[in-house]
Amino acid sequence: AQSLPALTFAPIATQIAGAAPFAVSATSASSGAVTYAVLSGPATIAGNLVTVTGTGTVVLSASQAASGDYAAAVATTSFTVGPPFTLATAGGAASGASVSPGSVASFGLAFAPVGTSTFADPITLSVTGLPAGATATFSPATIAAGSPMTAVTLSIQTANPQTARSEPPSW
């Protein structure tokens, strides 16, 4: 009977969206051929060369063919792909603010490119998950390609309160 080899991926560090393709490897005691595939996430693979295509979690598999005294084996690994920038607070409220209905909450943010001194691509900023009736404005709303670290102000305008009045009927 064939024994099952312990097929193990070499560790994969967190990657940055837009980074250069990189090689992955998985090894075992078997000499069987290893093939790689992307099971899920923002990446493609050709041979053992991975190209990230977005941000998120990538799950890879390695499949090794049976060889000699060893049975076929499969291993999986995952790694995270982050955006090509870091985001930090730059004054103002760090993570939240309490405001009266109809008021504005402002947040100072700083976007900095990772691995380079300027952004390779433009960045367009948007917000999701706002309360009903609230609007968000970024200043500036975009960061141009070639820009260095950029300070941005996020202002959230809350909705005005609703009022109701009860009047007796007039005859």
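**Contacts and strands**

Visitor: Leaving aside its neighbours within four places in sequence, with which residues is Ile 123 in contact?

Guide: A contact here means heavy atoms within 4.5 Å. Once the neighbours within four places in sequence are left aside, the contacts of Ile 123 are Phe 85, Ala 141, Thr 142 and Ile 143.

Visitor: What kind of model is this?

Guide: Residues are numbered from 1 along each chain as its sequence is written, and side-chain values use heavy atoms, with hydrogens and water left out. Local features need pLDDT of at least 70, side-chain atom pairs count only at pLDDT 80 or more, totals for chains, interfaces and linings use all residues, and the model is predicted.

Visitor: How many strands does the protein have?

Guide: Helices (H or I, at least four residues) and strands (E, at least two) are DSSP runs, numbered from the N terminus. The protein has zero helices. The number of strands is 15.

Visitor: Is Ile 123 buried or exposed?

Guide: Ile 123 lies in strand 12, and its C-alpha atom is 9.9 Å from that of Pro 84, a residue 39 positions away along the chain. Buried means under 20% relative accessible area, exposed over 50%, and partly exposed in between (1.4 Å probe, protein chains only). Because its relative accessible area is 11%, Ile 123 is buried.

Visitor: What percentage of the residues of the protein count as buried?

Guide: Ile 123 is one of the buried residues. Across the 171 residues of the protein, the buried share is 28%.

Visitor: What percentage of the contacts with a separation of 6 or more comes from residues 24 or more positions apart?

Guide: The C-alpha atoms of Ile 123 and Pro 84 give one example of residues set apart along the chain, at 39 residues. For the protein, residues 24 or more positions apart account for a share of the contacts with a separation of 6 or more that comes to 56%.

Visitor: Which residues does a cis peptide bond join?

Guide: Most residues other than glycine have a negative phi, and most peptide bonds are trans. Pro 140 has its place in the loop between strand 13 (135–139) and strand 14 (142–143). With omega at about -5 degrees, the cis peptide bond joins Ser 139 and Pro 140.

**Strand 3**

Visitor: How many aromatic pairs are there?

Guide: Rings of Phe, Tyr and Trp (its six-membered ring) pair if their centres lie within 6.5 Å; planes under 30 degrees apart count as stacked, over 60 as edge-to-face and the rest as tilted. By this rule, the count of aromatic pairs is three.

Visitor: How many residues apart in sequence are the parts that the pair of Phe 22 and Phe 79 ties together?

Guide: The rings of Phe 22 and Phe 79 are edge-to-face, 5.7 Å centre to centre with 80 degrees between the planes. Both Phe 22 and Phe 79 are buried. Phe 22 belongs to strand 3 (residues 22–23) and Phe 79 to strand 9 (residues 73–82), so the pair ties together parts whose separation in sequence, in residues, is 57.

Visitor: With which residues is Ala 23 in contact, leaving aside its neighbours within four places in sequence?

Guide: Ala 23 is found in strand 3 and is exposed, with a relative accessible area of 54%. The C-alpha atoms of Ala 23 and Thr 51, 28 residues apart along the chain, lie 9.1 Å from each other. Apart from neighbours within four places in sequence, the contacts of Ala 23 are Asn 48 and Leu 49.

Visitor: What separates the C-alpha atoms of Ala 46 and Ala 23, in Å?

Guide: Ala 46 is found in strand 6 (residues 43–46). At 56% relative accessibility, Ala 46 counts as exposed. Ala 46 and Ala 23 are 23 residues apart along the chain, and the separation of their C-alpha atoms is 9.6 Å.
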